[in-house]
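Hello,

Here is the structure I promised to hand over. Please look through it, then read my notes below.

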Amino acid sequence: MTWTLSGFGDEIDADPVIQLSVLRALGAGFIEVRSAWGTNVVELTDDQLAALGRLIAERGMGVSAIASPLGKVDYQSSFDAELHRLSRALSAAHALGARYIRIFSFYRPAGVTPAAIRHEVLRRLSTMASVAAQNDVVLLHENEKEIYGDVPSRVLDLIESVGSDALRVAWDNANFVQVGVKPYTDGYAMLRPYLEYLQVKDAISATGTVVPAGEGDGELRETLTALRDDGYAGFASLEPHLAEQSSTGGFSGPAEFGRAARAFAALTREIGVELV
């Protein structure tokens, strides 16, 4: 059983040369692109995307996903603006040879219930999935806290209501912990049919603090063992958040990123999964 190791390069450094070097040293053949040279992936110019693509190709590496910020805005924000950002994410996916684009399902203001925004969120995600399908790309919904799809039941609602093969689940154990969910116990069986990508981090339930895989309450060992037994053979992307975490992402630095990679590798070795 083998899984393909990747990681959020900008958790290591703003410079993609350093991002790629560290990932390569840790045994990863892929990178997940969220930003390069301090610029978000949906804001990179065509020339910058071409330059980034050359750096990746020169090292014999590939891109596992475009880690876009799509849907990480208020549900009442301009949808035309989101569609423009989707077009840039698609340009990045095509330029860098990525099949997947990460997305979110929109924040709601304080005091507004998930039920109140459901119709608008579904309308937006249905349109986005249709555009993605036309471009032969799969959108991966990440279960970020405080968006519509932050708990397993609402993630399932999104995927099944949109009903498109171009919308699938990016599973994040730590994010589930931060909204009071026991990831494996409460969500795995429900979402496994749609789970197509694994983002690797863990968290402590009492504080929400992000920690390396296996050091928190994210039921990582149970989740990874179940994925092994189910025949999962996709990407495992490191997103450690060990030095900084904010609403727009996180940062670890080379040393802490390496610590996170070693913790995850120890878990996979224990259960007989090889990272390549």
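**Salt bridges**

Arg 259 and Glu 256 are separated by about one helical turn, because they sit three residues apart in helix H9 (residues 253-270). Helices (H or I, at least four residues) and strands (E, at least two) are DSSP runs, numbered from the N terminus. The side chains of Arg 259 and Glu 256 meet in a salt bridge at 2.8 Å, N to O. The term means a side-chain nitrogen of Lys or Arg within 4 Å of a carboxyl oxygen of Asp or Glu. Arg 259 is partly exposed, at 34% relative accessible area. Glu 256 is partly exposed too, at 25%. The classes are buried (under 20% relative accessible area), exposed (over 50%) and partly exposed (in between), with a 1.4 Å probe and protein chains only.

Before you go further, two notes on the basis. This is a predicted model, in which local features need pLDDT of at least 70 and side-chain atom pairs count only at pLDDT 80 or more, while totals for chains, interfaces and linings use all residues. Residues are numbered from 1 along each chain as its sequence is written, and side-chain values use heavy atoms, with hydrogens and water left out.

The whole structure has 20 salt bridges. One of them joins the side chains of Arg 99 and Glu 196, at 3.0 Å, N to O. This pair links distant parts of the chain, 97 residues apart. Arg 99 is in the loop between helix H3 (79-96) and strand E6 (100-103), and Glu 196 is in strand E9 (residues 195-200). Arg 99 is partly exposed at 46%. Glu 196 is partly exposed at 22%.

Asp 230 and Arg 192 also meet through their side chains in a salt bridge, at 3.3 Å, N to O. They too link distant parts of the chain, 38 residues apart. Asp 230 belongs to helix H8 (residues 220-230), and Arg 192 to the loop between helix H7 (183-191) and E9. Asp 230 is partly exposed at 43%, whereas Arg 192 is buried at 18%.

There is also a network of salt bridges. It links Asp 10, Glu 11, Arg 34, Arg 102, Glu 142, Asp 172, Lys 201 and Glu 239.

**Cores and contacts**

The largest nonpolar core has 75 residues. Such a core is a set of buried Ala, Val, Leu, Ile, Met, Phe, Trp, Tyr and Cys residues joined through side-chain atoms within 4.5 Å. Trp 3, Ile 66, Ile 101, Leu 125, Met 128, Leu 198 and Phe 264 touch the most other members. Take Ile 66: leaving out residues up to four places away in sequence, its contacts include Val 33, Val 41, Leu 96, Tyr 100 and Ile 101. Contact means heavy atoms within 4.5 Å.

Gly 97 and Ala 65 are 32 residues apart in sequence and 9.0 Å apart, C-alpha to C-alpha. Gly 97 is in the loop between H3 and E6. It is exposed, at 60%.

Asp 157 is in helix H5 (residues 152-162). It is buried, at 18%. It touches Arg 118, Leu 122, Tyr 148 and Val 162, not counting residues up to four places away in sequence.

**Cavities**

How many cavities of 30 Å³ or more are there? The count is two. A cavity is a set of points, on a 1 Å grid over the protein atoms alone, where a 1.4 Å probe fits but cannot get out; lining residues have an atom within 4 Å of a point. Points are joined across faces, edges and corners, and a volume is the space filled by probe spheres set on the points. The second largest cavity has a volume of about 30 Å³. Its lining includes Val 200, Lys 201, Pro 212, Leu 238 and Phe 264.

**Backbone**

Most residues other than glycine have a negative phi. Phe 106 has a positive one, near 75°. Phe 106 is in the loop between E6 and helix H4 (114-134), and is buried at 0%. His 241 has a positive phi as well, about 55°. His 241 lies in the loop between strand E12 (235-238) and strand E13 (244-246), and is buried at 7%.

Best wishes

Technical notes
On a 1 Å grid over the protein atoms alone, a cavity is a set of points where a 1.4 Å probe fits but cannot get out, and a pocket is an open set with protein on both sides within 12 Å along at least five of seven lines; lining residues have an atom within 4 Å of a point.
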